[in-house]
Amino acid sequence: MLPGAVYTDPNALAGLKAAARADAGNAAPEVARQAEALFLGELLKTLRSSGFGPGLLDGPQAEMYRDLLHRQLAMDLSAHGGLGFADAIAGAVGGKPGAAAMPAASLGGLPRGLTGLPPLSRSPTSATGADTSDFDSQSAFVTELWPHAQRVGQALGIDGRVILAQAALETGWGERLPRGADGQPSHNLFGIKAHGWGGPVARVPTLEFRDGALRRETADFRAYGSYAEAFDDYARFLTENPRYRQALSAGDAAGFARGLQDAGYATDPAYARKILGVLGSPLLADLDRPADTGGLA
């Protein structure tokens, strides 16, 4: 098991739990390192959010890459001595402070569970630019929303995993959910704008491709009372718009994603490829039903 891989990889987490049950004392140093890595990651995230916001030349993937870099930095720091918290934690829980670490991950690699993830387009941020995450982790995002994706997928005849992948792409795994001016969550997981919408809205900055270039704009997005409402409206939005008939009749994940892109669901010219890239991530690969990604490159 690789140090730092645990909190981003459910399989590695299960392995660490099993090791702790078998020999709590010997597992304590690794558990402590994971806790220290989490703390360091949150510290770096807080420092990042206290700056002046994104630069003028930042694209939609820049924040995601910075987040991945800081996670890797936190894990590397913890694996090579850290701030000393790991030894204190290990001692407090009855382990052996300073015990030999398990084999370290390569410094140039990404943590397991994130390897192979494509750059993700961020959904709109709040007007204040603050982090609007309603989820503690990518795993929490999947755990909470998977039942809704399954339900709507069955109703539409679409693999629920590709629906969840689209929600992850639109929101950066729940980290960039639009909020209203009063700070209330919109629960808008699919980036559906408020055209023809009579309900509440969230007006937020967004990024759109116009004439081949990425531009910052401000737009109104639909706001819902819950994630269940967001999924239900997503299903209505697709079924009530004739332009999405081809996507809904595609029969596989790749055809559905291409159909959304061809129908103009998003302005991103690589939208279908990005959805399928997220669909192939480890967090979604272990869910119930396999999906055909059609080899879209």
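The predicted model of the protein contains eleven helices and two strands, which follow one another along the sequence in the pattern α-α-α-α-α-α-β-β-α-α-α-α-α. Of its 297 residues, 44% count as buried, and the protein exposes about 14,200 Å², of which carbon and sulfur atoms supply 56%. Among contacts between residues at least 6 apart in sequence, 70% join residues at least 24 apart. The mean pLDDT is 74, with 60% of the residues reaching 70 or more. Over residues 290–297 the pLDDT is below 50, and this stretch has 19 contacts in the model beyond near neighbours in sequence. The pLDDT likewise stays under 50 over residues 1–5, for which the model has 28 contacts beyond four places in sequence.

The largest nonpolar core comprises 48 residues, and those with the most contacts inside it are Phe 141, Tyr 234, Leu 238 and Tyr 265. Helices α5, α6, α7, α8, α9, α10 and α11 (282–285) each supply at least two residues of this core.

At the start of α7, a side-chain oxygen of Ser 226 reaches to within 3.4 Å of the backbone nitrogen of Ala 228. The buried residues of the helix are Tyr 227, Ala 230, Phe 231, Asp 233, Tyr 234, Ala 235, Phe 237 and Leu 238. An α-helix has 3.6 residues a turn, so residues three or four places apart point the same way. The buried residues of α7 pack against α5 (138–156), α6 (160–171), β2 (213–222), α8 (245–248) and α9 (253–262).

The side chain of Asp 233 makes a polar contact of 2.9 Å with the side chain of Arg 222. When neighbours within four places in sequence are left aside, the residues in contact with Asp 233 are Ile 192, Trp 197, Arg 222 and Tyr 224. On helix α5, His 148 is in contact with Ala 228 and Phe 231, again leaving aside neighbours within four places in sequence. The C-alpha atoms of His 148 and Ile 163, which are 15 residues apart along the chain, are separated by 9.6 Å.

Helix α9 is largely enclosed by the rest of the structure, because seven of its ten residues are buried; these are Ala 253, Ala 254, Gly 255, Phe 256, Ala 257, Gly 259 and Leu 260. Their cover includes α6, α7, α8 and α10 (271–279). The N-terminal end of α9 is capped by Asp 252, a side-chain oxygen of which lies 3.4 Å from the backbone nitrogen of Ala 254, whereas just after the helix Gly 264 takes a positive phi of about 85°.

The loop between α6 and β1 (201–210) holds Ser 186, which is buried with a relative accessible area of 1%. Although Ser 186 and Ala 223 are 37 residues apart in sequence, their C-alpha atoms are 4.1 Å apart in space. Apart from neighbours within four places in sequence, Ser 186 is in contact with Pro 178, Arg 179, Ala 202, Arg 222, Ala 223 and Tyr 224; Arg 222 and Tyr 224 are also among the contacts of Asp 233.

Most residues other than glycine have a negative phi. In the loop between α6 and β1, Trp 173, although not a glycine, has a positive phi of about 60° and is buried, with a relative accessible area of 2%. His 187, also placed in the loop between α6 and β1, has a positive phi of about 60° without being a glycine, and at 13% relative accessibility His 187 counts as buried.

Conventions. Residues are numbered from 1 along each chain as its sequence is written. This is a predicted model: local features need pLDDT of at least 70, side-chain atom pairs count only at pLDDT 80 or more; totals for chains, interfaces and linings use all residues. Side-chain values use heavy atoms; hydrogens and water are left out. A polar contact is a pair of N or O atoms within 3.5 Å; within protein, one must be able to donate a hydrogen and the other to accept it, and residues adjacent in sequence count only if both atoms are side-chain atoms. Contact means heavy atoms within 4.5 Å. Helices (H or I, at least four residues) and strands (E, at least two) are DSSP runs, numbered from the N terminus. Buried means under 20% relative accessible area, exposed over 50%, partly exposed in between (1.4 Å probe, protein chains only). Accessible areas come from the Shrake-Rupley method with a 1.4 Å probe; for residues, only the protein chains shown count as cover. A nonpolar core is a set of buried Ala, Val, Leu, Ile, Met, Phe, Trp, Tyr and Cys residues joined through side-chain atoms within 4.5 Å. pLDDT is the predictor's confidence in each residue, from 0 to 100.
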